[in-house]
Amino acid sequence: MSKVKFYRGQQLPLEMHKVRIIQKLTLLPIEQRREALETAGFNTFLLQNADVFLDMLTDSGVNAMSQDQQAAMLMADDAYAGSATYTRLHDKLVEIFGMEYFLPAHQGRAAENIISQTMIRPGTLIPMNYHFTTTKQHITVNGGEVVELIRPEGLEVTSDHPFKGNFDVEALRDLIAERGAEAISHVRMEAGTNLIGGQPFSLENLREVSETCREHSLPLVLDASLLADNLHFIKTREEACKDMSIREITRAMADLVDVLYFSARKLGFGRGGGICIRDEETYKKMRGYVPMFEGFLTYGGMSVREMEAITVGLDETMDEDMINQGPQFIEFMVSELDRRNIPVITPAGGLGAHVDAMRFVDHIPQEQYPAGALAAALYLVSGVRGMERGTMSEQRDAEGNEPLADMELVRLAMPRRVFTLSQVNYVIDRLDWLYQNRRMIGGMEWEEEPEILRFFYGRMRPKQDWVTPLMAKFREDFGDSL
């Protein structure tokens, strides 16, 4: 977005695009929202999209495509082998990241599966700045152990630190000294720490991690799914990078890592993913898993039409005016919530605004899933679907014990180029009302608890009926309003 000063002094993000295709939305009455919530087992993942007004569950696969992406989809070459579509995508990735080898996959977690099966040795450690749900599952299933080495400020809820996703490099060096480099299969960096507020790391921090890895011959793997947001923050917050172009920052990051993987449902505004690899030996180790699990090497389970769109989307990611819309909308939302004293993660990160349920509903014990309860309550009073990012999103250990999450967040994702400012203001308004009535919200318990990735499809229920009085208060204050 260009810097525009408003005559009356308002500080509003200005979209550098116009809307040409729309999708009609429906806002159900609160009584119908309660029925939908009960049918979904109070898990926002199980809500039907037809019952959702604003879907802020995720930014994965729901970003708006540009006219150029739509046009490119008509040019797809659907040849099973030797596809020109694959060549165009491969060449664009080489141009941007400078890595010669590319393996396509149907999405980011498929890439994680291939990386984990190839690189992890049973009993080895995988240090990282912070885990993601599917990443941790793939690592543990393959016998590895996640070691989180984020800087201490990364777990501070309110802060003005610009790079809360930074890796604790000293802790990494201490781990290598204590356990030896042979105990580590690889080191992982996540561009935009998803579970703790979409917080970025700096280019300087990545350089320090890379130097440590190369000193000890350890492969460095970058999860670049949220790279676009991280690029924006490096450009705007890191003094040494302010005169660099987005392309230059991207190449500088890529040059520091050995393997780079991504979900194109986030990076590239399409539905797919892949792995970029620096050396041929690693490529050949991973190559066989693509036809085994994904599809042939020229599509990897992706639609060729989506691949054409991703190629254009990756090019658009190098345009600062295209990638800053999401972070600036998020910053606006976070600033407005903070101004109303509504607890939210600061500074604003990428991906979405993250409401701090630990403070929002501080009367709910963490064992009763406060973030899950808040996500359910928000849908009830607004029709807005957010995502629980807390203890529900963790998994029990081998003995069945419940690990409590470092943070209890409700993520309100901001898909790129999707929502209007009036819609964002509606969410702020309903959160404001809910915060004034937060003591009415109660805890949750499992009704059906799956063993693996339970937050996706497990079912919850309130520990006591807090839904009925909250609805009554809504009707008292809003009357017949939706």
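A salt bridge is taken here as a side-chain nitrogen of Lys or Arg within 4 Å of a carboxyl oxygen of Asp or Glu. The model is predicted: local features need pLDDT of at least 70, side-chain atom pairs count only at pLDDT 80 or more, and totals for chains, interfaces and linings use all residues. Residues are numbered from 1 along each chain as its sequence is written, and side-chain values use heavy atoms, with hydrogens and water left out.

**View A. Salt bridge between Lys-136 and Glu-394**. The closest N and O atoms of this pair are 3.7 Å apart. Lys-136 belongs to helix α5 (residues 133-141), whereas Glu-394 sits in the loop between β11 (387-389) and β12 (409-413); the two are 258 residues apart and link distant parts of the chain. Helices (H or I, at least four residues) and strands (E, at least two) are DSSP runs, numbered from the N terminus. Glu-394 counts as buried because its relative accessibility is 12%, while Lys-136, at 24%, counts as partly exposed. Buried means under 20% relative accessible area, exposed over 50%, and partly exposed in between (1.4 Å probe, protein chains only). In the whole structure, a search finds 39 salt bridges.

**View B. Salt bridge between Lys-463 and Glu-445**. The closest N and O atoms are 3.2 Å apart. Glu-445 is in strand β13 (residues 444-448) and Lys-463 in the loop between β14 (459-462) and α19 (467-478), so the pair ties together parts 18 residues apart in sequence. Lys-463 is partly exposed at 40% relative accessibility, as is Glu-445 with a relative accessible area of 25%.

**View C. Salt bridge between Arg-459 and Glu-447**. The N to O distance is 3.6 Å. With Arg-459 in strand β14 and Glu-447 in strand β13, the pair ties together parts 12 residues apart in sequence. Arg-459 has a relative accessible area of 22% and is partly exposed; Glu-447, at 44%, is also partly exposed. Through shared partners, salt bridges join Glu-445, Glu-447, Arg-459, Arg-461 and Lys-463 into one network.

**View D. Helices α6 (residues 169-179) and α7 (residues 203-215)**. Their axes come within 10 Å and cross at roughly 10 degrees, which makes α6 roughly parallel to α7. Axes are lines fitted to C-alpha atoms, for helices over the stretch in contact, and angles run from 0 to 180 degrees between N-to-C directions; those under 35 degrees count as roughly parallel. Val-169, Leu-172, Arg-173 and Ile-176 of α6 meet Asn-205, Glu-208, Val-209 and Thr-212 of α7 (contact: heavy atoms within 4.5 Å).

Key
Parallel < 35°, antiparallel > 145°, perpendicular 65-115°, else oblique.
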